[in-house]
Amino acid sequence: MGVPLSLLTKHRLPVSASWNPNFYIPAVPSRPLSDRECKRIIRDAGQASADAKAMNIDGVYLHGHEGYLLEQMTNPAFNRRILGHFTDWQTFGLEIVREIRKRVAADYPIMYRIDLSLALNATYGERMAKIAALRKFRHERQADETLQYMANLVKEGVDLFDVDLGCYENWWLPHPPNTVPSGVFLPVSRLVKQFFAENDIRSNAGLPVPVVAVGKLGYPDLAEKALRDGMCDMIMLARPLLADPEWANKAYAGRVGEICPCIGDQEACMNELYRGGHVKCAVNPRTGLEDVVPREVAAAAKPRRIAVVGAGPGGILAAITAAKRGHKVILYEAHGRLGGWLVPGSVPRTKYEIGNYLVYLEGQMERCSREHDLTVRLNTSVTAELLKSENFDALVVSTGAQPVRLAVEGAELPHVVQAVDLFLHPEWAKDAHDVTVVGGGTVGCEAAHWLAAEHGKQVSLVEMLPHFMKNVCTANRGHMIHELERRGVKLFNCARPTSIRPGEVTIARNISSTVPDPYITWAPILPDNIPNSLARAIREEIVEESLKADLIVVAAGLRADHSLFDACQAQNAASEISCIGDNFRIGHVFEAVEAGFNIGRSL
Ligand SMILES: Cc1cc2nc3c(=O)[nH]c(=O)nc-3n(C[C@H](O)[C@H](O)[C@H](O)COP(=O)(O)O)c2cc1C
Ligand code: SF4
């Protein structure tokens, strides 16, 4: 699992249980650890646990899932050793727990993260035998073997498990993105609980071993029901606490509507880490910055009159933050609903978390309007003249962006529509049978999936670049592509439309064998800031092809719309004028929220 940057700078082979490819750069092999090195790791884990206990840390948690080293040693998918002490895949795990128990004595909690199965065979089926990158891993640990191993781990001293499924090669399982249903692993924790109960498996303290459920449990009602129904004994939350660290307090106090929900985009948490940054959160601009951003915003030295134009997430955060500081704020929105692009973005069923976030933002807005001097004017378009005539002290322009139009022959025909418009007018697709979506970024892929899954269309998806959803978190990207394939959506990468006529679109496509297989979900795409000298160059072999298409859906990106900002500046509409969100630079919810919060804090 060595991360790409360290692989490319350390000039040493990473290590594993057997010869395994590195996940990020498969051309880099990981060498098997020697028995001596393994025994040293076991001893060190014992010492680290003794140190933890001496430092008053409440317990130790072993990371035995998702394909990291402990999992590699304890899963025959990765541990294919045929010689030495660790050929039995259980040995390393049992010995590490035995050593820790020996060093920390009887009553110190040892917890263990485990996956019931890597679920690779369930994910990839016949491909496990056909694809070289997967073939090595096909003899994965089966669920019944895992249960037996867990029983053995308890005998050695494990007190508690949390359990899920999957590994990096199907990363959307251990890191379930927005497209995965909530509480996805509850059946898995229930199965383990049943096994423990039926076999009367008890910890060293003679107690039933608690089973913790994890994965998209950030809904207090769902979490509580899971406990009441005996699906698990505890709930583990990761991202819901990055989104709202007050989750438990709010749930306990019954203030569930005030919980800021995780939207599952993994842009600011996983992807920031992956790009070499620092964990943040798309919906909580304080996350990861708690030491420099106070919990409560400071009151403004002098209340001012502020206009915010555009009620996307950036505008909303700017308006709320400024109003909480004591400013008199008016938020103008041209449409009838708050949310900007989040409104069409919440239409597909797979985007239910964006819908939740919208409801949360609306609730926050209503509360802030009640408690502070904040006025929301929906269905109100404003001009620079109007803003100037109102004599505001400061203007925040967050009017967002406009979709990019296709510059090809036939792009003006009536059966060519923008994806963001189609989400709001699904009736436009009513009579279409074959649909081509142009643009394989997140919006294009979501539109293609929505049309195939919810509207039963035959969908083709055309992308100019070698990869779909480039720069999106590998887990989110992988699941979307997996689902697109499952729904029969045809993916054309390194392809672009050249002309559109009624009933068809012509594309120019690179058919060279060096073009990457667009359906690969078991390997990541390295971020642009990590140069990979081992990457294969793509040759060009362009052919023209015609696709049947009664409807062409364009998702070719967004272009910032600066017109209002420019006019405000030209007319000196206020002494302070700022431009944030997509209006400044096209980005994610993450960037807009961060910008809105920061401008609201600084006005
Ligand atoms: C930024 C981030 C980093 C994570 N790193 C790890 C990790 O190093 N090891 C691990 O077992 N799980 C890791 N996880 C997974 C979480 O522990 C958790 O299993 C997963 O996010 C699903 O739970 P959730 O829906 O409550 O977030 C990470 C999750 C996030 C968001
Ligand atoms: S960045 Fe997105 S996925 Fe990650 S915790 Fe925040 S809202 Fe959830």
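Me: How far apart are Glu 366 and Arg 370 in helix H16, in helical turns?
Reply: Glu 366 and Arg 370 are four residues apart in helix H16, so about one helical turn separates them; helices here are DSSP runs of H or I with at least four residues, strands are E runs of at least two, and both are numbered from the N terminus. This is a predicted model, in which local features need pLDDT of at least 70 and side-chain atom pairs count only at pLDDT 80 or more, while totals for chains, interfaces and linings use all residues. Residues are numbered from 1 along each chain as its sequence is written, chains are lettered from A and ligands numbered from 1 in the order in which they are written, and side-chain values use heavy atoms, with hydrogens and water left out.

Me: What do the side chains of Glu 366 and Arg 370 form where they meet?
Reply: They meet in a salt bridge, at 3.7 Å from N to O, the term meaning a side-chain nitrogen of Lys or Arg within 4 Å of a carboxyl oxygen of Asp or Glu.

Me: And is Glu 366 buried or exposed?
Reply: Glu 366 is exposed, at 52% relative accessible area, and Arg 370 is exposed as well, at 59%; exposed means over 50%, buried under 20% and partly exposed in between, with a 1.4 Å probe and protein chains only. Salt bridges with shared partners also link Arg 255, Glu 258, Arg 367 and Glu 371 into one network.

Me: How many salt bridges are there in the whole structure?
Reply: A search of the whole structure finds 34.

Me: Which parts does the Glu 353 and Lys 216 pair tie together?
Reply: The side chains of Glu 353 and Lys 216 meet in a salt bridge of 3.2 Å, N to O. Glu 353 lies in helix H16 (residues 352–371) and Lys 216 in the loop between S7 and H10, so the pair ties together parts that are 137 residues apart in sequence. Glu 353 is buried, with a relative accessible area of 4%, and Lys 216 is buried too, at 8%.

Me: Switching to the open sheet: what is its strand order?
Reply: Its five strands run in the order S4-S5-S6-S7-S8 with parallel pairing, where two strands pair if DSSP finds at least two bridges between them. S4 (60–64) and S8 (234–236) stand at the edges with a single partner strand each, so one side of each has no neighbour in the sheet.

Me: Over how many bridges do S5 and S6 pair?
Reply: S5 and S6 pair in the parallel sense over six bridges, and Ile 114 has Val 163 in S6 as its bridge partner.

Me: Last topic, H9: what should its 13 residues span?
Reply: At 1.5 Å a residue, the 13 residues of H9 (186–198) should span 18 Å, and the end C-alpha atoms are 18 Å apart, which agrees; the expected span is 1.5 Å times one less than the number of residues.

Me: Which residues of H9 are buried, and what covers them?
Reply: The buried residues of H9 are Leu 186, Val 188, Ser 189, Val 192, Phe 195 and Phe 196. Their cover includes strands S5 (110–117), S6 (160–165) and S7 (211–214), together with helices H8 (143–156) and H10 (220–228). After H9 comes Asp 200, which has a positive phi, near 45°.

Conventions: Contact means heavy atoms within 4.5 Å.
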